[in-house]
Amino acid sequence: MNMSVPDSLPASAQHEPSRWHARLSLGIKRTPRGSRVASAERFGPLHLQKPFYPEGPDLAHIYLLHPPGGMVSGDLLEIEARLAPETAALITTPGAGRVYRARPDRTLQHQRVRLEVGEGSSMEWLPLETILYPNARTRLDVDVELAADARFIGWEVTSLGLPAQGEGFGQGELQQRLQIRQEGRLLLREQLLLDERSQSVLTARAGLQNKPVTGLMVAGPFAQEQAEPLLDPLRECADALDFLAGVSLSGEFLLIRTLGECSERTRLFLEQCWQLIRPELLGRDACAPRIWAT
C-alpha cells in the first residue's frame, strides 16, 4: 500500500484556529448503598475523582478535574450532572479554574454547566474561584433545572485580571449567566456582561467600583418564613468584613453578593454563609470537602 504524506498542510488548515472541546456528563442515582455515580460519560480532558462520602452514603462529594488547568481561545467545556429523585451531591473542584489571555483572533472561551436535580434531591455546586486573565474573552453559563421539592445551593467567585500582580482585566470580555428553573418556571436569572461597550461597569459606583473580585451565592427554594430568620445572621457575617457584601431575598432564593480584592477571602466568606444556610435548607450540618483545606 502506498501512502503519501504532504510536505505541508493546506493554507486553510494552517490558519484554522485550534479548538478543544471537553465534555463530562454524570448521572447520579439512589441505590441501596446511597447516592452513587451510576454513569460518567466523558470526552476530552474532563474527569472526576472517585466520590467521597464524609457525611455517609446518602450524599456524594464529587471533585471535577480539568488537567490542562485552564481554557485558551477556542476551548469549550461542557459539564452536566443529572440527579435522580431522592439523591444528594456536592460538586467542587480541587483548584481554581483559569481562563487565559485570548488569542488575537478573539475566539471565545466557553464553559457550559447544566445541572438537573430530581424530585426531593439536593445539589450543591461549589467550585473554587475562576480567574480570568487580562484580555480573556469568556462566556460562563450555569443552567439549573429543579424538579418538585428539589433544593440547590451554588456559588461563583470570579477574579477579573490578576489583582495580586497588579494586572487588571484590560480589554477582557465576559458574559456570565446563572439561570434556575423549576418544572419549567423561571425562578432566577443573574447576568453580568462586560465588553467594549460596557467598560464603565468596572468603575461605576453602581457597578463593580474598581473591585476585581465578584462573588455570588444562591440558595433555595425557601419558604419565606424559612428564609427570613437567616437574613440577620448572614448580614452580621457580612458586616464583619472590610469588603462590600449584600444579602437579600429574591422570590424563593437567598442571594449573597460581594465585591472585593481577594478571591480566597471572598470564597471563605461564602463558605461561612453556606455553613449558616445549609442546615436550614438541606437539614444537614456543614461538612466542608477535604480538598478545601489543602
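This is a predicted model: local features need pLDDT of at least 70, side-chain atom pairs count only at pLDDT 80 or more; totals for chains, interfaces and linings use all residues.
Gly283 comes directly after helix 3 and has a positive phi, near 70°.

**Helix 3**

Next, colour the helix by accessibility. Its buried residues are Ser263, Thr266, Arg267, Phe269, Leu270, Glu271, Cys273, Trp274, Ile277, Arg278, Leu281 and Leu282.

**From helix 3 to strand 9**

Arg278 belongs to helix 3 and Glu124 to strand 9, so that the bridge links distant parts of the chain, 154 residues apart. Are the two partners buried or exposed? Both Arg278 and Glu124 are buried.

Together with Glu124 and Arg278, Glu55 and Arg284 are linked in a network of salt bridges.

**Two further salt bridges**

The model has 22 salt bridges by the rule used here. Side chains of opposite charge can pair when their charged atoms come close.

Select Asp58 and Arg30. Their side chains meet in a salt bridge at 3.0 Å, N to O. Asp58 sits in the loop between strand 3 (47-48) and strand 4 (60-65), while Arg30 is part of strand 1 (residues 21-31), so this pair ties together parts 28 residues apart in sequence. Asp58 is partly exposed, at 33% relative accessibility. Arg30 is also partly exposed, at 44%.

Now move to Arg101 and Glu167. The closest N and O atoms of this salt bridge are 2.7 Å apart. Which parts of the chain does the pair tie together? Arg101 is in the loop between strand 7 (97-99) and strand 8, and Glu167 is in the loop between strand 12 (151-160) and strand 13 (173-182), so the parts joined are 66 residues apart in sequence. Arg101 counts as partly exposed because its relative accessibility is 42%, and Glu167 counts as partly exposed at 29%.

**A negative patch**

Switch to a surface view and select Glu86, Glu119, Asp149 and Glu183. These residues form a negative surface patch. Centre on Glu119, which is located in the loop between strand 8 (109-117) and strand 9 (122-125). Its relative accessibility is 47%, so Glu119 counts as partly exposed.

**Backbone features**

Return to a backbone view and select Gly220 and Pro221. The peptide bond joining Gly220 and Pro221 is cis, with omega about 0°. Pro221 is in the loop between strand 15 (213-220) and helix 2 (224-239).

Gln209 has a positive phi, near 55°, although Gln209 is a residue other than glycine. Asn210 is not a glycine either, and its phi is positive at about 65°. Asn210 counts as exposed because its relative accessibility is 55%.

**Two distances to check**

How many residues separate Pro134 and Ala88 in sequence, and what is their C-alpha to C-alpha distance? Pro134 and Ala88 are 46 residues apart in sequence and 37 Å apart in space. Pro134 lies in the loop between strand 10 (130-132) and strand 11 (137-146). Its relative accessible area is 5%, so Pro134 is buried.

For the other pair, select Arg290 and Pro54. Arg290 and Pro54 are 236 residues apart in sequence, with 8.8 Å between their C-alpha atoms. Arg290 is in the segment after helix 3. Arg290 is exposed, with a relative accessible area of 55%.

Notes: Residues are numbered from 1 along each chain as its sequence is written. Side-chain values use heavy atoms; hydrogens and water are left out. Patches are made of residues with over 30% relative accessible area and no salt bridge: like charges are joined within 9 Å, nonpolar side chains (Val, Leu, Ile, Met, Phe, Trp, Tyr) within 5 Å. Accessible areas come from the Shrake-Rupley method with a 1.4 Å probe; for residues, only the protein chains shown count as cover. A salt bridge is a side-chain nitrogen of Lys or Arg within 4 Å of a carboxyl oxygen of Asp or Glu. Lys and Arg count as positive and Asp and Glu as negative; His and the chain ends are not counted. The place of a charge is taken as NZ of Lys, CZ of Arg, CG of Asp or CD of Glu. Helices (H or I, at least four residues) and strands (E, at least two) are DSSP runs, numbered from the N terminus. Buried means under 20% relative accessible area, exposed over 50%, partly exposed in between (1.4 Å probe, protein chains only).
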